[in-house]
2 protein chains.
Amino acid sequence: MTRPLIGVFDSGVGGLTVLNALLRQVSTADYLYFGDTARLPYGSKSVETVAKYAISAVQFLEQQGAERLVVACNTACALAFQRIASSIHVPALGVIEPGADAGAAASHTKRAVVIATEGTVSSHAYRDALTERGVTAVEKACPLFVPLVEEGWLDHEVTRHVAHIYLEGLFDSHGPDTLILGCTHYPLLKPLLRTVVPPRVCIIDSAEATAAAVRRDLAGGDGRRPNVRFFATDSIEKFRRAGEKFLERDIKDVVHVDLET
Amino acid sequence: MTRPLIGVFDSGVGGLTVLNALLRQVSTADYLYFGDTARLPYGSKSVETVAKYAISAVQFLEQQGAERLVVACNTACALAFQRIASSIHVPALGVIEPGADAGAAASHTKRAVVIATEGTVSSHAYRDALTERGVTAVEKACPLFVPLVEEGWLDHEVTRHVAHIYLEGLFDSHGPDTLILGCTHYPLLKPLLRTVVPPRVCIIDSAEATAAAVRRDLAGGDGRRPNVRFFATDSIEKFRRAGEKFLERDIKDVVHVDLET
């Protein structure tokens, strides 16, 4: 039995939270991870630019032998998942559908809050996916959360203050009982967000939901530990340093790739 | 007498603070402005990536007829000014030398603080330029200031809190009497920073210092108002919307440019 080779793509290191969940939930596969670190962030960029960058990245992963693609970047999924998926010849899975599935399963009041980048929110991809599942969603852009995570202020009073400002009034009584983290950086803020939203609110992490969806698609295994290779478009040292925080394990053998020449 | 055509380059809209100062101080020239908005920010990227992006941008401006270049991006100047300048055939001016000149002129204690992006700080370009001018500099990376400016929180308690954290202890008595703003976004925080640092501290804005250096190089004029053309690599609508805040006037006729194909 052959082990599937899964390509995971993100604009940077944030998608390593998805790879992290995949390594825990789907140890029967090997992985290629691509971080488009020279051109990140995607969160504030236009549809055309994000689609062009993402397509060049997933086509690179397909050329490297990926038999299945996980688009771990919420912004790329929100803005251009169909275009990205149809640019390659292997199956692709995004993070929004699994996140919406998990959110719909968790919500009793059928009302949810989605926090994400400006690009993801203005596409309304989460709202539309949740509406299809009978859940009414309020979407809120939280542009300072990514830089706060990158500053390492995961349990900091400034971050807590910003979270209170962004989430103020969104969880009124009889309101939403589910918070969907619609950006790969946000799982690192989960412990802090837990203290900001009411205890009755369930926090859904698309990374775990996506890994679970991949696990359902695959079966079996040969007991070997996954082999992982990393590609980045900016400095490999920077990728390693920033990435280990998200992956929660050592990162070795990052290969630099230039998609622009 | 012909009016010189000056090309102004930045990673995004921040360099419009430099164009703003140029339009006020040097109305005898016409301008081309290039914002590499599809690939911003440069502040956290590596030397190789920043140099490659900046060179493609200044070469584009030279092809458009610019007879003189202002590299308004502090990070690009700090990491690769010589490489950028030698990639074109017209004179180039960066923002660091004029900023260091102005800082050295303002400081009586010959001690200054420079705040900038991570990339600019780790290059030590400001420290070295100030040392040459007899000024001892402490450099401090303030990575949250750019996202806070982009969030529009220019006079916000969170921004004030972050500023206090970043600048804590840097202006002890008998210490630095000058604060150099080493990033094009920071002039928008000048009123807030004025309330955070002691009254004796002089705040130096590289944008004004750079415009003054250009003015010294040029003379005369025909009384006509400057003509300005704008180029951006991401959405022109986003450029207009974000840019008017920095330029403090209307932006019309932005042209989209793709440097990657």
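Colleague: In which hand does α1(B) cross α11(B)?
Modeller: Right-handed. Keep in mind that this is a predicted model.

Colleague: At what angle do helix α1 and helix α11 of chain B pack?
Modeller: About 50 degrees, with their axes 8 Å apart. That makes α1(B) oblique to α11(B).

Colleague: Which residues make the contact?
Modeller: From α1(B), B:Leu16, B:Thr17, B:Leu19, B:Asn20 and B:Leu23. From α11(B), B:Phe239, B:Gly243, B:Phe246 and B:Leu247.

Colleague: How many of the residues in that contact are nonpolar, polar or charged?
Modeller: Six are nonpolar, three are polar and none is charged.

Colleague: New topic. What is the strand order in the open sheet of chain A?
Modeller: β6-β5-β7-β8, with parallel pairing. β6 (136-141) and β8 (202-205) of chain A each have a single partner strand, so one side of each lacks a neighbour in the sheet. On average, neighbouring strands are turned by 25 degrees against each other, direction ignored.

Colleague: Over how many bridges do β5 and β6(A) pair?
Modeller: Six. A:Val113 has A:Val138 in β6(A) as its bridge partner.

Colleague: Which strands does helix α4 of chain A touch?
Modeller: Helix α4 (residues 96-106) packs on the sheet and touches β7 (178-181) and β8 of chain A. Its direction makes about 160 degrees with that of β8(A).

Colleague: Last one. By what turn can chain A be laid on chain B?
Modeller: A turn of 180 degrees, with a shift of 0.0 Å along the axis and an RMSD of 0.0 Å. The two copies are thus related as by a two-fold rotation axis. In chain A, the C-alpha nearest that axis belongs to A:Arg39, 2.5 Å from it.

Conventions: Residues are numbered from 1 along each chain as its sequence is written. Chains are lettered from A and ligands numbered from 1 in the order in which they are written. This is a predicted model: local features need pLDDT of at least 70, side-chain atom pairs count only at pLDDT 80 or more; totals for chains, interfaces and linings use all residues. Side-chain values use heavy atoms; hydrogens and water are left out. Copies are superposed by least squares on the C-alpha atoms of residues with pLDDT of at least 70 in both. Axes are lines fitted to C-alpha atoms, for helices over the stretch in contact, and angles run from 0 to 180 degrees between N-to-C directions. Helices (H or I, at least four residues) and strands (E, at least two) are DSSP runs, numbered from the N terminus. Angles under 35 degrees count as roughly parallel, over 145 as roughly antiparallel, 65 to 115 as roughly perpendicular and the rest as oblique. A crossing is left-handed if the near helix is turned anticlockwise from the far one by less than a right angle, and right-handed if clockwise. Contact means heavy atoms within 4.5 Å. Ala, Val, Leu, Ile, Met, Phe, Trp, Tyr, Cys and Pro count as nonpolar, Asp, Glu, Lys and Arg as charged, and the others, Gly among them, as polar. Two strands pair if DSSP finds at least two bridges between them.
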